[in-house]
Amino acid sequence: LNLILSMAQLALTSCNLFDSSADRVTVHFINRDGERLTATAKEGESLLEVVVNQNLSIDGFGACEGTLACSTCHLIFEEDVFQKLDAITDEELDMLDLAYGLTDTSRLGCQVCVKKAMDGLTVQVPAEVADMRRELEVGKQSK
Amino acid sequence: MFSSFRFNWLLSTAALAPQICVVGSGPAGFYTAQHLLKHHRLARVDIYEKLPVPFGLVRFGVAPDHPEVKNVINTFTQTAHSDRCAYYGNVTIGKDVMVKELQRAYHAVVLSYGAEDNRILGIPGENLSGVYSARAFVGWYNGLPENRDLKPDLSSETAVVLGQGNVALDVARVLLSPLDILRKTDITEGSLAAIACSKVKRVWLVGRRGPLQVAFTIKELREMINLPGTRPLLDPADFTGLGDVIKDIPRPRKRLTELMIKSAREKPGEKEAALWASATKEWGLKFQRSPLEVLPATDGKQARGIRMAVTRLEGSGESARAVPTGEVEELECGLILSSIGYRSLPLDSSIPFDPKLGIIPNSLGRVQGAPGLYCSGWVKRGPTGVIITTMNDSFDTAQSVLEDLQTGVLNLSNSKEGFKSVRSILHSRGVHPVTFSDWEKIDAAEVARGKLAGKPREKIVDPQEMLQLISH
């Protein structure tokens, strides 16, 4: 599946060599298992829309479909990028407060819109609390 | 991680397709199924549900005025449409087919049947008329068939909700919401009519402990504070000195407490003051009150009030304990809703069950002492948390199943028939499963009826009517 995705992206990029690439932004999502998923986003798309539109394989992402009724699109940003994001609203904070693995540079993907200056952005999909316990268990088993 | 499995797959035929069944079609059932189907190329997952209709608490628990939370139904529908997934409604495990029979038919059985009961108060007067569990009240306004004849008595001015979680806020909000808001939701026609005649003007949410122990979350509290036509009754004295206490606590609890303090102590802004001045209904929080007895009216049958012990707190934070001071207080009310927690029940005598904790004993979703048996959701963890909590938990259980498939703990060389053998068992017992496309007919009928009334759907509350609709 990753091979198909990256071939599609290559095709898209080569198309854009001849078009204006002004509205195309590359975003990298580091998935829970450490795999890097790269997507080409349109300026103005929310990061949730990027995941959905590019069919990225992130389990359970965006359960409430961008309506600020869950925290499953929780993403962790690099400090310098985080500082430059648009101000967070009370409504987003209310839901973010319920997220697993909350950090000081956490935001909800459905509320962050892609901008040209974010080209090459890397965000981390947070590991869930339960995940960490499971990793410990598997480590104990012989493979 | 699954490379050895893929090698096997290339060599063999579909004889290695795991047959898995999930008991319960709420978020736990569907998220477990979803994860299994996504991370295993061959697995077949059958989801069983005792009602004709799927989705569990997403349909019957989430409040009518919270439609966005129900968006998960879309991803569940996608899962149900997978060609390796089948939904079988109107099948009661433990009655129509036993768990042992499922274990003979499937390589793995996942129990995701949630919590259909509630904790009881255990106080005198609990069974008087006018006292209901919040669970039954929520089931009533959400069209859960077993609660459709609840006929709650809404004739008194004051209602008391025991408990300070999100369910307590939900029932308070439904009792006090302007009808104009409620009538555009999927609240049932019958309950809307009853609420339209309701005399309830004041709802107290009563908790045994203090403001720092409230179980509701900030979004729901904010919604209550801003509820049109209502004013909050918060006693500033309850929040004295809290500002200092919360300075260094984690942000979620801090913001929640700050919002309560602000609403209790600060002068409202102009707009708020005007709204509250014209409010005809009110709601409030009472802390450090533990229910002792529901007091009967002179006829001896009807609740007229509640006697409560005044408590003090020992310890702090989440582990603070409420200890009676000896003082007692009475509150006049004709409607009491106990919102002190849901509770799971044992499904089938063959399944291990811990009656004290109300869960199936398990380790990472593997039922203890029962190979091939798993659990996810509230029956695994206890009845708390929102959909994301259950989602993560279900993915966890699915991961345990996947690991056991990979390591051979679940032996795929024993071929299993899956639904084929269950179908003949059900047929011999006169049970007709409802398929997902049957549900879609019921769904379409509900949406069509709702459209006539300006609602997203008009829920059918009679299972017989549902079955007739699909000509069963």
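Predicted model: local features only at pLDDT ≥ 70, side-chain atom pairs only at ≥ 80, totals over all residues.
Reader: Where do chain B and chain A meet, and how many residues are in contact?

Author: 26 residues of chain B are in contact with 29 residues of chain A.

Reader: How is the size of an interface given?

Author: Often as the accessible area lost when the parts come together. Here chain B and chain A bury about 2500 Å² between them. Carbon and sulfur atoms carry 53% of it.

Reader: How many salt bridges and polar pairs cross the interface?

Author: The rule finds seven salt bridges between chain B and chain A. One is R255(B) with D90(A), with the closest N and O atoms 3.4 Å apart. Twelve residue pairs are in polar contact across the interface. On the chain B side, α2, α4, α10, α12 and α15 each give two or more residues. α15(B) gives the most, with eight residues.

Reader: Take α10 of chain B. Is the helix mostly covered or mostly open?

Author: Mostly covered: six of its eight residues are buried. Among them are I218(B), L221(B) and M224(B). The buried residues pack against α4 (90-96) of chain A. They also pack against elements of chain B, including α7, α12 and β10.

Reader: Now the open sheet of three strands in chain B. What is the strand order?

Author: β11-β12-β13, with antiparallel pairing. β11 and β13 stand at the edges, each with a single partner strand, so one side of each has no neighbour in the sheet. Neighbouring strands are turned by 20° against each other on average, direction ignored.

Reader: How many bridges join β12(B) to β13(B)?

Author: Nine. To place the pair, find L313(B), which stands opposite A322(B) in β13(B).

Key:
Residues numbered from 1 in each chain as written. Chains lettered and ligands numbered in written order. Heavy atoms only, no water. Pairing = 2+ DSSP bridges. Helix = DSSP H or I, 4+ residues; strand = E, 2+ residues; numbered from the N terminus. Axes fitted to C-alpha atoms, helices over the stretch in contact; angles between N-to-C directions. Buried < 20%, exposed > 50% of the residue type's maximum accessible area, 1.4 Å probe, protein only. Contact = heavy atoms within 4.5 Å. Buried area = accessible area lost by both parts, 1.4 Å probe. Salt bridge = Lys/Arg side-chain N within 4 Å of Asp/Glu carboxyl O. Polar contact = N/O pair within 3.5 Å; in protein donor to acceptor, adjacent residues only side chain to side chain.
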